[in-house]
Amino acid sequence: SPRFPGGPAGGSRRPMSGRGGAGEWEDPWVVLGVKRDASRKEIKAAFRHLAKKHHPDVHAAEGRAEAEKAFKRIHKAYLAATGRERSYYPIIRPGYNVEDKEAQARSMRQSMAALGGIVVGGFAAGYMWLEYLKEEDQKVLDKILITKLHRVENRQWQADFGDEEAQRRIDQRKQKTLQNAVTEASVGSLMWGAPAMAAAGAVKSFAATPRGQQLAINPFVAFQFGTPALLFYVSMAFGMGFYITGVKAISAGGQLREARRQGVDVRRL
């Protein structure tokens, strides 16, 4: 048999347990001819040396097939030794006769972490989707209710005061809804902006400490500590609070909440 690159003839080969000897496992460190505690730099140097020696392009036609097999084995060993090739190690269940127990355990931990992330992410995505559907359904119901409430009021005003006065009251109701939305938006702006201002003050205080000055060596962190960036974040908080709260107040749900505060019984609708 051809000499195993980087190691003794035939290399270190062991049948994989749990498969009835159907396959063989090759020690990547033996393939590359390096120690198990070799650094990434040493592994890379060994790979380059062997790759140049066994590259198919540097061999004659009659030896190119064997050289190509050796080159592929060297490349696979390099990926395994640097942690980029997982086919050497079990992904879901350990059961192979692998000497590198640490790599096996690391592979198991990473697999379990990935599986846990998928499960948690799936539950989170499902929950968010259900909440979105519930919110959309509630918006439709709110719109139906507020439309019914306005129609009932419109008919009542027309019957009691006539068309002209009814239209004046309808316009007044619209104006009042807008004013209420502006008031709610102003309160929301303060509720969002005040914590942002406090956080910006805390960041400026931290930036003056030795730890903050040490972190500010990084240009990105230094930019975040700067007054322009903090003012931008605070202004964004004020603006977002105003917009989001205002939109909620002027929505059908917001109008229903305001009607309930005024004592209107919407359940009779």
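**Exercise 1.** Find the element that gives the most to the lining of the second largest pocket.

*Solution.* Start with the terms. In this predicted model, a pocket is an open set of points on a 1 Å grid over the protein atoms alone, where a 1.4 Å probe fits, with protein on both sides within 12 Å along at least five of seven lines; lining residues have an atom within 4 Å of a point. Helices are DSSP runs (H or I, at least four residues), numbered from the N terminus. Next, list the lining: Glu135, Gln138, Lys139, Asp142, Lys143, Val247, Lys248, Ser251, Ala252, Gly253, Gly254 and Arg257. Two or more residues come from each of α4, α8 (227–250) and α9. The top contributor is α4, with five residues.

**Exercise 2.** State the volume of the second largest pocket and the classes of its lining residues.

*Solution.* The volume is about 280 Å³. A volume is the space filled by probe spheres set on the points, which are joined across faces, edges and corners. For the classes, Ala, Val, Leu, Ile, Met, Phe, Trp, Tyr, Cys and Pro are nonpolar, Asp, Glu, Lys and Arg charged, and the others, Gly among them, polar. The lining splits into two nonpolar, four polar and six charged residues.

**Exercise 3.** Describe the largest pocket and its lining.

*Solution.* Its volume is about 340 Å³. Of 16 lining residues, Glu153, Arg173, Lys176, Thr177 and Gln262 are the closest to the centre. α4 (101–161), α5 (163–207) and α9 (252–261) each give two or more. The largest share, six residues, is from α5. By class, five are nonpolar, six polar and five charged.

**Conventions.** Residues are numbered from 1 along each chain as its sequence is written. Local features need pLDDT of at least 70 and side-chain atom pairs count only at pLDDT 80 or more, while totals for chains, interfaces and linings use all residues; side-chain values use heavy atoms, without hydrogens and water.
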